[in-house]
Amino acid sequence: MARRRLPRIFGYRGKPPQTREASELNTSSEELLSGKFLHEEDYGMKIANTYGFTAVGGTKRTYSGYTSHEFTSSGTMTIEGGEKTVEYLIVGGGAGGGRGNSNEGGGGGGAGGMKTGTFTASPGTYTITVGSGGSGGSSSGGDGGSSSIAVSGGSTIDSVSGGGGGGCCSCSGRNGASGGGGSGCSYDRPGGSGISGQGNNGGAGRWVSNNPGRGNGGGGGGKGGAGGNGSARGNNNRGGNGAGATNNYKDGTNITYSYGGSGGPGGPSMTSGGPALTAANNGWGGNGGTNANGSSGNPGVVIIRYL
């Protein structure tokens with residue numbers, strides 16, 4: 001009877017030169033037939049287990065015994081070899097800040113949702129989705145995009161929503177992972193609602209009924225706290241950002257993620273564009289503007305690490 005040819009594994013047909021003998025791979029007597037594995041699949045599995053867990057995808061870093069894979073845009077992660085428990089950080093896209101009218105500020109954008117957790121990574125392909133930042137508003141700010149980790153063609157392991165956009169001239173803040181701040185135009189506009197476990201509510205705008213009006217926009221909510229109300233801030237002052245939260249999964253140093261945007265300042269004849277954020281994949285919300293557009297939010301990120 002002709003002997004079956006074994007498949008190519010790691011570039012070799014049959015047993016790779018560096019592979020140990022079958023007896024050294026914890027095989028049972030039932031797996032051996034004159035020193036050969038009974039099934040080609042068994043052979044491939046044993047070789048994979050010999051070489052251990054491997055992962056490909058994203059930007060790979062090593063530090064303090066950890067290996068991390070950072071995804072700053074959507075992609076895939078491929079696992080080969082055995083199983084391993086991995087940790088993950090997932091951050092949604094921050095929302096854009098809203099535009100206020102003359103004298104009165106728009107609301108700050110809500111931060112993208114932020115969560116950490118663990119799962120058992122098995123051989124296969126995982127789909128990574130990274131949420132984009134919302135655009136700065138010529139009216140209300142745009143909502144941030146959602147981020148997720150999922151088994152390709154299968155179930156979602158975890159996901160977070162993007163932040164809610166900051167309110168415009170006559171709008172409340174939008175709902176999201178963290179809510180956007182309300183505008184300070186015409187009367188007090190409420191902030192948007194956040195999602196428990198991902199972020200917090202946006203702050204309310206405050207309209208000061210002097211002539212001309214001096215409405216301060218509310219701050220966007222963040223992972224670490226709600227956005228501040230416009231009434232808590234003085235004339236011409238920015239502030240009210242919802243606090244972010246730190247995480248060190250990328251490279252061992254603490255980075256602040258999911259920070260809410262500030263509301264636009266109110267004041268006579270005020271024109272103030274929302275200050276642009278430093279470009280980074282951190283899920284920060286954009287800042288509200290006064291008689292000018294708000295700034296855009298920053299995109300999110302997904303980081304997976306393991307020992």
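This is a predicted model: local features need pLDDT of at least 70, side-chain atom pairs count only at pLDDT 80 or more; totals for chains, interfaces and linings use all residues.
Residues are numbered from 1 along each chain as its sequence is written, and side-chain values use heavy atoms, with hydrogens and water left out. Local features need pLDDT of at least 70 and side-chain atom pairs count only at pLDDT 80 or more, while totals for chains, interfaces and linings use all residues.

Strand E12 (residues 124-129) has two partners described here. Strands (E, at least two residues) and helices (H or I, at least four) are DSSP runs, numbered from the N terminus. Two strands pair if DSSP finds at least two bridges between them. Strand E8 (residues 75-80) runs antiparallel to E12, and 5 bridges join the two. Within this pairing, Ile79 stands opposite Gly124. Strand E13 (residues 147-151) is also antiparallel to E12, through 4 bridges. Here Tyr126 has Val151 as its bridge partner.

Side chains of opposite charge can pair when their charged atoms come close. A salt bridge is counted when a side-chain nitrogen of Lys or Arg lies within 4 Å of a carboxyl oxygen of Asp or Glu. The count comes to 6 salt bridges. One of them joins Glu70 and Lys250, at 3.8 Å from N to O. This pair links distant parts of the chain, 180 residues apart. Glu70 lies in strand E7 (residues 66-71), and Lys250 in the loop between strands E15 (245-247) and E16 (255-257). Glu70 is buried, at 9% relative accessible area. Buried means under 20% relative accessible area, exposed over 50%, and partly exposed in between (1.4 Å probe, protein chains only).

Asp158 and Lys115 form another salt bridge, at 2.8 Å from N to O. Asp158 belongs to strand E14 (residues 156-160) and Lys115 to strand E11 (residues 114-121), 43 residues apart. The relative accessible area of Asp158 is 12%, so Asp158 counts as buried. Lys115, at 25%, is partly exposed.

A salt bridge also connects Asp143 and Arg174, whose closest N and O atoms are 2.9 Å apart. Asp143 lies in the loop between E12 and E13 and Arg174 in the loop between E14 and E15, so the pair ties together parts that are 31 residues apart in sequence. Both are partly exposed: Asp143 at 34% relative accessibility, and Arg174 at 41%.

The whole structure holds 5 aromatic pairs. Rings of Phe, Tyr and Trp (its six-membered ring) pair if their centres lie within 6.5 Å; planes under 30 degrees apart are stacked, over 60 edge-to-face, and the rest tilted. Phe53 and Tyr306 form an edge-to-face pair, at 5.1 Å centre to centre and 75 degrees between the planes. Phe53 sits in the loop between helix H1 (40-51) and strand E5 (54-56), whereas Tyr306 is in strand E18 (residues 301-306), 253 residues apart. Both residues of this pair, Phe53 and Tyr306, are buried. Phe119 and Tyr126 form a tilted pair, at 5.7 Å and 50 degrees. Phe119 and Tyr126 are buried too.

Two arginines lie over tyrosine rings. A charge sits over a ring if NZ of Lys or CZ of Arg is within 6 Å of the ring centre and within 35 degrees of the ring normal. Arg189 lies over the face of Tyr187, 3.8 Å from the ring centre. The charged end of Arg305 sits over the ring of Tyr66, at 3.8 Å from its centre.
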